[in-house]
Amino acid sequence: IIMNKKIRVHVADDHKILIEGIAAVINTDEDIEISDFSLSGQEVIDWFKVKENKADILILDITMPVLDGFEVLRYFKDKGIEQNVIVLSSYDDVRIVQEVLSLGAKGYISKNNAGAHIVKAIKAVASGEQYFSSDIQDELLKSMSGQKAKKGDMPQDFLFGSLTEREKDVLRLVTKELSTGEIAKKMSISHHTVESYRKKLLRKLNVKNSVGLAIYAVKYKLV
């Protein structure tokens with residue numbers, strides 16, 4: 001394809017050094033140019049609100065201060081803004097990838113593979129395709145074909161957000177050091193059900209014991 005104009009890319013990450021790294025890679029390609037950068041989710045939204053500011057591609061980190069990447073994607077989606085977004089993240093759990101795709105992202109690259117993929121990703125997404133770094137692609141294929149995708153890294157908020165109200169109730173009571181019997185009585189469920197909730201919580205929150213559960217409960221002000 002003959003590109004008569006350069007692909008403009010806006011980069012959002014809370015680490016300046018990473019932005020510089022991405023810029024260095026992008027600058028090696030004459031079809032792409034950097035169109036400014038943001039250090040927080042709020043800055044991204046503010047930048048795009050200015051009419052003159054346009055970028056063909058937004059490269060977006062998930063964990064940023066003020067507003068995170070999820071919230072930036074949600075903003076575009078709620079406002080009906082068609083913005084090509086490639087998520088660049090250190091999280092490689094397939095559920096995070098699926099979440100950002102459902103919020104409209106067009107690509108996902110894990111940070112440890114960024115150098116090799118970033119230029120390809122920008123060009124692919126700019127021409128209307130989706131793009132995933134090879135490690136992410138493998139996990140997506142696995143999950144689509146019903147194989148167990150590996151437990152990747154994901155933000156704690158996302159894990160906590162996946163709990164049902166009922167699971168949060170059990171978490172609250174476990175943290176108050178109630179015994180299985182007492183929890184069963186309080187919630188009018190069987191011992192067995194309490195135990196299976198407890199196991200599910202350990203698995204979902206990716207912790208080893210009640211102490212790990214307690215840390216979550218305190219962090220999210222359940223107790």
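## Basis of the description

Residues are numbered from 1 along each chain as its sequence is written, and side-chain values use heavy atoms, with hydrogens and water left out. Because the model is predicted, local features need pLDDT of at least 70 and side-chain atom pairs count only at pLDDT 80 or more, while totals for chains, interfaces and linings use all residues. Helices (H or I, at least four residues) and strands (E, at least two) are DSSP runs, numbered from the N terminus.

## The sheet

The model holds an open sheet of 6 strands in the order β2-β1-β3-β4-β5-β6, with parallel pairing, where two strands pair if DSSP finds at least two bridges between them. β2 (32–38) and β6 (131–132) stand at the edges with a single partner strand each, so one side of each is left without a neighbour in the sheet.

Strand β4 (residues 85–89) has 5 of its 5 residues buried, a word that here means under 20% relative accessible area, whereas exposed means over 50% and partly exposed lies in between (1.4 Å probe, protein chains only). In a regular strand the side chains alternate between the two faces of the sheet. In β4, Val85, Val87 and Ser89 are buried on one side, and Ile86 and Leu88 are buried on the other.

## Neighbours of β4

Strand β3 (residues 57–60) runs parallel to β4 and is joined to it by 3 bridges; leucine 58 stands opposite valine 85, and isoleucine 59 stands opposite isoleucine 86. Together with helix α3 (residues 69–79), β3 and β4 make a right-handed β-α-β unit, which is to say that, with the strands pointing away from the viewer, the path from the first strand over the helix to the second runs clockwise.

β4 also pairs in the parallel sense with strand β5 (residues 107–110), over 4 bridges, and serine 89 stands opposite serine 110 in β5. The chain crosses from β4 through helix α4 (residues 94–102) to β5, and this β-α-β crossover is right-handed.

## Helix α5

Helix α5 (residues 114–126) has 13 residues, and at 1.5 Å a residue it should span 18 Å, which agrees with the 17 Å between its end C-alpha atoms; the expected span is 1.5 Å times one less than the number of residues. α5 bends by about 25 degrees at lysine 120, the bend being the angle between axes fitted to the seven residues ending there and the seven starting there.

The buried residues of α5 include Ala114, His117, Ile118, Ala121 and Val125. An α-helix has 3.6 residues a turn, so residues three or four places apart point the same way. After α5 comes glycine 128, whose phi is positive, near 90 degrees.

## The largest pocket

Among the residues that line the largest pocket are Asp68, Phe70, Glu71, Arg74, Gln156 and Phe158, and the elements that give two or more residues to this lining are α3 and α7 (156–161).

## Two loop residues with positive phi

Most residues other than glycine have a negative phi, and most peptide bonds are trans. Glutamate 177, in the loop between α8 (165–175) and α9 (180–187), has a positive phi near 65 degrees, and at 72% relative accessibility it counts as exposed. Serine 188, in the loop between α9 and α10 (191–205), has a positive phi of about 50 degrees and counts as exposed at 65% relative accessibility.

Conventions. 1 Å grid on protein atoms, 1.4 Å probe; cavity = no way out; pocket = protein on both sides within 12 Å on 5 of 7 lines; lining within 4 Å.
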